[in-house]
Amino acid sequence: MAGARSRRSPAPDEDVKPFTPEKTKEIVMSLQQPAVFCNMVGNWPALHWNVKHLSAVLEGKTIQFRLGLKTVDLVPQFETSCNYVEATLEEFLAWSCGQPSCLSGPFSCYDYSKYWAYADYKYIARIFEDKPEIFQDVRWSDFGFPGRSGKESTLWIGSEGANTPCHLDSYGCNLVLQVQGRKRWHLFPPADTSFLYPTRIPYEESSIFSKVNIANPDLKRFPEFRNSTAHVVTLSPGQVLLVPRHWWHYVESIDPVTVSINSWIELDADHEARVEEAITRMLVCAIKSAENPSDGDLWLNPTEVEATSHEINLQYLNKAVSAYLKCQETSVSGQARSSSTGAKQRTNASCKRKRREVGCEAESCTLLTQECDFPTPEAEELQKIPFGPHLIQVLPQSHKTRVIGAVAVESDGGDLLHENEGQHFGKLQCKRKRLLMSNDCETAAHQMDSDCSPCTSQTALSTNDLLDCLVNPRVISLVAQLLLEKMRV
């Protein structure tokens, strides 16, 4: 059914977009602030991917949901402190609607009024591997990336309150299509990194987490957060959000059921980022693996299956360095060959923070451009970005409205509305216990301190304290530069 729908001929003017694919790609690759595209996906079959439709397509197939508490606390509820269940979308939909049938299902231990559920980071290529025709329901070619479809995208399904801890992605920029319900995005520019207290614990490749609970910041412990600048937008169905490279984001579902589809767009800067990630992985795995396992520190994010060995980490570091140097050589030779005409742009499949899950090795990741250094537009060029009803800036919030206000984008692409909704940013809590990969409601609690490390005295330094300094993004960037300089000698 989905395949037939995606192949039908469009009605007159149905696929007329406010921007051509070429212009849209130019905006995506040059804009260094978040923005919302409107009226770009009206003919995408993926707009019909609500939970009821997806449940029928999956025909009873189970997927993993992450469950967390809606209660607000001063510390983030990292994925290491959540519970996980396997359930069908039909069971999820019944639970989110409060149906009695949930009393005996996989969600039976979790009161909907107290918990949220999130099927996050699901690769469409894996979920629908037996229905490849559905990949064509997602048409990123309209954004200037021909050949990119649902196969290079991920699916996110959540209940009200479902959220992702504040983090930045080391690789690429992000295009996010909202399909069902609304999500509120809280974005912070790369310049605010130090104000967000970055940490690599819990460790996940290419995800740098913030120690600050954006929904309820502990300003006594993290006073510099006051200096951050939040850009907040409520994304509605049919809209596409551009998250530029290295922008921090905390995302929460604000409707009973939400569905989103995203794709990460590779950037040439990813080659250096992979070197930095390889260094980080090597250091974190080496130091944390040396600790006594009985300490029970939940340092590895559930998305990372296991701590890789030193040998494997060293191999990846060498591959990342080789790929970076090869990219530089290609750039030099490419500039020599195309001094007058420039390089032809090309696209390929996305490589994001779960690189190993899709079998993408560092040396095989392709570039968006043949030249490795995509030119950054000058200030006057940025002023030419066609902001208007079809491309809306996500503006910074004032400090007065940061906690109680939100910038909403109307679904018809109208002007931004400043709302004072009298709400906190979100609902999340770190209960200082681990309920990981278990359906047992009586899972034993594991006590941790507020940054998810073992409880220690106030004067004693822990391994995590050392790692916070050792793998700080600024330190890792310097180490990567020194390492690459050494390889060039």
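Analyst: Happy to! Let's start at Asn301, whose side chain makes a polar contact with the side chain of Glu79 at 3.3 Å. A polar contact is a pair of N or O atoms within 3.5 Å; within protein, one must be able to donate a hydrogen and the other to accept it, and residues adjacent in sequence count only if both atoms are side-chain atoms. Please keep in mind that this is a predicted model, in which local features need pLDDT of at least 70 and side-chain atom pairs count only at pLDDT 80 or more, while totals for chains, interfaces and linings use all residues. Residues are numbered from 1 along each chain as its sequence is written, and side-chain values use heavy atoms, with hydrogens and water left out.

Asn301 sits in the loop between helix 6 and helix 7 (310–337); helices (H or I, at least four residues) and strands (E, at least two) are DSSP runs, numbered from the N terminus. Asn301 is buried, with a relative accessible area of 1%. Buried means under 20% relative accessible area, exposed over 50%, and partly exposed in between, using a 1.4 Å probe and protein chains only. Leaving aside neighbours within four places in sequence, Asn301 is in contact (heavy atoms within 4.5 Å) with Glu79, Thr80, Pro202, Tyr203, Glu204 and Phe209.

One of those partners, Pro202, deserves a look of its own. A cis peptide bond joins Ile201 to Pro202, with omega at about 5°. Pro202 is in the loop between strand 9 (198–199) and strand 10 (207–210), and Ser206 is also placed in the loop between strand 9 and strand 10. Ser206 has a positive phi, near 70°, in a residue other than glycine, and its relative accessible area is 0%, so Ser206 counts as buried.

Tyr121 is another residue other than glycine with a positive phi, here near 60°. Tyr121 lies in strand 4 and is buried at 8% relative accessibility. Strand 4 (residues 115–123) also holds Tyr118, while Trp156 lies in strand 5 (residues 154–159).

That brings us to the aromatic rings. The whole structure holds 20 aromatic pairs; rings of Phe, Tyr and Trp (its six-membered ring) pair if their centres lie within 6.5 Å, and planes under 30 degrees apart count as stacked, over 60 as edge-to-face and the rest as tilted. Tyr110 and Tyr115 form an edge-to-face pair, 5.1 Å centre to centre with 80° between the planes, and both Tyr110 and Tyr115 are buried. Tyr118 and Trp156 form a tilted pair, 6.1 Å centre to centre with 50° between the planes. Because Tyr118 is in strand 4 and Trp156 is in strand 5, this pair ties together parts that are 38 residues apart in sequence. Tyr118 is buried at a relative accessible area of 2%, and Trp156 is buried at 10%. There is also an aromatic cluster formed by Phe19, Phe37, Trp44, Trp140 and Phe143.

Strand 4 and strand 5 turn up again around helix 4 (residues 89–96). The buried residues of helix 4 are Leu89, Phe92, Ala94, Trp95 and Ser96, and what covers them includes helix 3 (51–58), strand 2 (62–69), strand 3 (83–88), strand 4, strand 5 and strand 14 (257–265). Helix 4 is followed by Gly98, whose phi is positive, near 75°.

Arg148 is found in the loop between helix 5 (124–127) and strand 5. Arg148 is buried, with a relative accessible area of 3%, and its side chain makes a polar contact with the side chain of Ser263 at 3.2 Å.

Finally, helix 6 (residues 270–289) packs against helix 10 (residues 473–488) at an angle of about 110°, with their axes 9 Å apart. Axes are lines fitted to C-alpha atoms, for helices over the stretch in contact, and angles run from 0 to 180 degrees between N-to-C directions. That makes helix 6 roughly perpendicular to helix 10: angles under 35 degrees count as roughly parallel, over 145 as roughly antiparallel, 65 to 115 as roughly perpendicular and the rest as oblique. Helix 6 contributes Glu272, Val275, Glu276, Ile279, Thr280 and Leu283 to this contact, and helix 10 contributes Ile476, Ser477, Val479, Ala480, Gln481, Leu483 and Leu484.
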